[in-house]
Amino acid sequence: MTVTEREIRYPGRMRVLHWLVAVLVAAVWPLGMMIKFTREDVKLDFYMLHESLGFIVLWLMLVRTGVRLTASPLPRPAAGIEGLASRTVHGLLYVFLVVMPVSGFMATNAHGFPLHWFNLVEIWSPVGKSPEIAPWFSAIHTWSAWILLSLFALHIGAVLFHHVIRRDDTLTRIL
Ligand code: HEM
Ligand code: HEM
């Protein structure tokens with residue numbers, strides 16, 4: 001039996017990047033949401049952890065985009081409307097996984113709190129303390145967080161649909 005483009009798995013480096021980003025986002029998203037409910041004496045630690053882990057997502061996503069654009073062979077999405085839906089959701093996930101860390105980084109700098117990555121190094125920022133634009137970056141960050149969550153829900157819905165109802169090889173392509 002020949003292996004078709006739909007049956008092949010993602011290359012190893014793409015599978016590793018998928019799961020590294022997935023694990024990080026699974027920690028960073030709830031950490032971000034928890035910040036406003038934490039006690040004052042630990043708030044800064046929550047910010048530091050949230051921002052330092054979130055910053056790693058930015059660099060992983062830049063590497064991932066490069067790998068995605070150059071990797072081959074890749075599994076082909078389904079034809080027609082289903083393929084269009086899958087390409088759109090995957091494309092938007094890539095976009096928002098970059099928008100999230102960039103807007104958060106800009107927000108914290110614009111509010112006047114530069115990122116001290118894991119309390120080890122201060123990260124240079126093109127934006128300094130700028131109270132007039134800080135709320136905009138914060139708003140982009142918060143809205144994008146809910147958009148990312150919605151995309152993730154669609155993503156998991158599609159994975160379950162393929163695995164449980166269609167019973168095809170979609171899930172195993174990324175394992
Ligand atoms: C994948 C990366 C990231 C995700 C998924 C994420 C997610 C979130 C979420 C869900 C919130 C809570 C929003 C709310 O309370 O309404 C939040 C808040 C926040 N995040 Fe992130 N975040 C990420 C990366 C970053 C980075 C890299 C920084 C800074 C270097 C950052 C800085 C902040 C700040 C300062 C807040 C408090 C709200 C604000 O003033 O904007 N985030 N984040
Ligand atoms: C339990 C969690 C997850 C499962 C079971 C899962 C499963 C999958 C599967 C099966 C694919 C391949 C789809 C296809 O070939 O058509 C895929 C691709 C993808 N997943 Fe996930 N995923 C999970 C979590 C996440 C998370 C948290 C994110 C990001 C927030 C994410 C982002 C992506 C993206 C962007 C792709 C497209 C890969 C590409 O074409 O480059 N996934 N995932």
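Predicted model: local features only at pLDDT ≥ 70, side-chain atom pairs only at ≥ 80, totals over all residues.

Trainee: Fine. How many helices and strands are in the protein?

Mentor: The protein has four helices and two strands. Going along the sequence, the order is α-α-α-β-β-α.

Trainee: And what box do the C-alpha atoms fill?

Mentor: Roughly 60 × 30 × 25 Å, taken along the principal axes. Of the 175 residues, 14% are buried.

Trainee: Let's do the ligands. Which residues come nearest to ligand 1?

Mentor: Gly 32, Glu 51, Gly 54, Gly 104 and Ser 138, out of 24 residues around ligand 1.

Trainee: Which helices supply that shell?

Mentor: Helix 1 (12-34), helix 2 (40-70), helix 3 (80-110) and helix 4 (134-166) each put in at least two residues. Helix 3 has the largest share of the shell around ligand 1, with six residues.

Trainee: How does the shell around ligand 1 split by class?

Mentor: There are 14 nonpolar residues, eight polar and two charged.

Trainee: OK, ligand 2 now. Which residues are closest there?

Mentor: Ala 22, His 90, Leu 93, Leu 171 and Ile 174 are the closest of the 19 residues that surround ligand 2.

Trainee: Which helices give at least two residues to that one?

Mentor: For ligand 2, helix 1, helix 3 and helix 4 each do. Helix 3 gives the most to this shell, with five residues.

Trainee: Switching to packing. How do the axes of helix 1 and helix 2 cross?

Mentor: They come within 9 Å of each other and cross at roughly 155°. Angles over 145 degrees count as roughly antiparallel, so helix 1 and helix 2 are roughly antiparallel to each other. The crossing of helix 1 past helix 2 is left-handed.

Trainee: What sort of residues make up that contact?

Mentor: The contact of helix 1 with helix 2 has 19 nonpolar residues, three polar and three charged.

Trainee: What about helix 2 and helix 3, at what angle do they pack?

Mentor: About 140°, with the axes 9 Å apart. That makes helix 2 oblique to helix 3. The crossing of helix 2 and helix 3 is left-handed.

Trainee: Which residues form the largest nonpolar core?

Mentor: The core has seven residues: Val 28, Val 57, Met 61, Phe 96, Leu 97, Val 99 and Met 100. Helix 2 and helix 3 are the elements that give two or more residues to this core, and the largest share, four residues, comes from helix 3.

Trainee: What about phi of Asn 119?

Mentor: Phi of Asn 119 is near 60°, again a positive value in a residue other than glycine. Asn 119 is found in the loop between strand 1 and strand 2.

Trainee: Is Asn 119 buried or exposed?

Mentor: Asn 119 is exposed, because it has 10 other C-beta atoms within 10 Å and the cut-off for exposed is 12 or fewer. Phe 118 has 13 other C-beta atoms within 10 Å, so Phe 118 counts as partly exposed.

Trainee: Last one, Leu 148. Where is it found?

Mentor: In helix 4. Leu 148 has 19 C-beta neighbours inside 10 Å, so it counts as partly exposed; buried needs 20 or more.

Trainee: And how far apart are Leu 148 and Pro 73?

Mentor: They are 75 residues apart in sequence and 28 Å apart in space, C-alpha to C-alpha.

Conventions:
Residues numbered from 1 in each chain as written. Chains lettered and ligands numbered in written order. Near = placed C-beta within 6 Å. Nonpolar A, V, L, I, M, F, W, Y, C, P; charged D, E, K, R; others polar. Axes fitted to C-alpha atoms, helices over the stretch in contact; angles between N-to-C directions. Parallel < 35°, antiparallel > 145°, perpendicular 65-115°, else oblique. Left-handed = near helix turned anticlockwise from the far one by under 90°. Core = buried A, V, L, I, M, F, W, Y, C linked by C-beta atoms within 7 Å.
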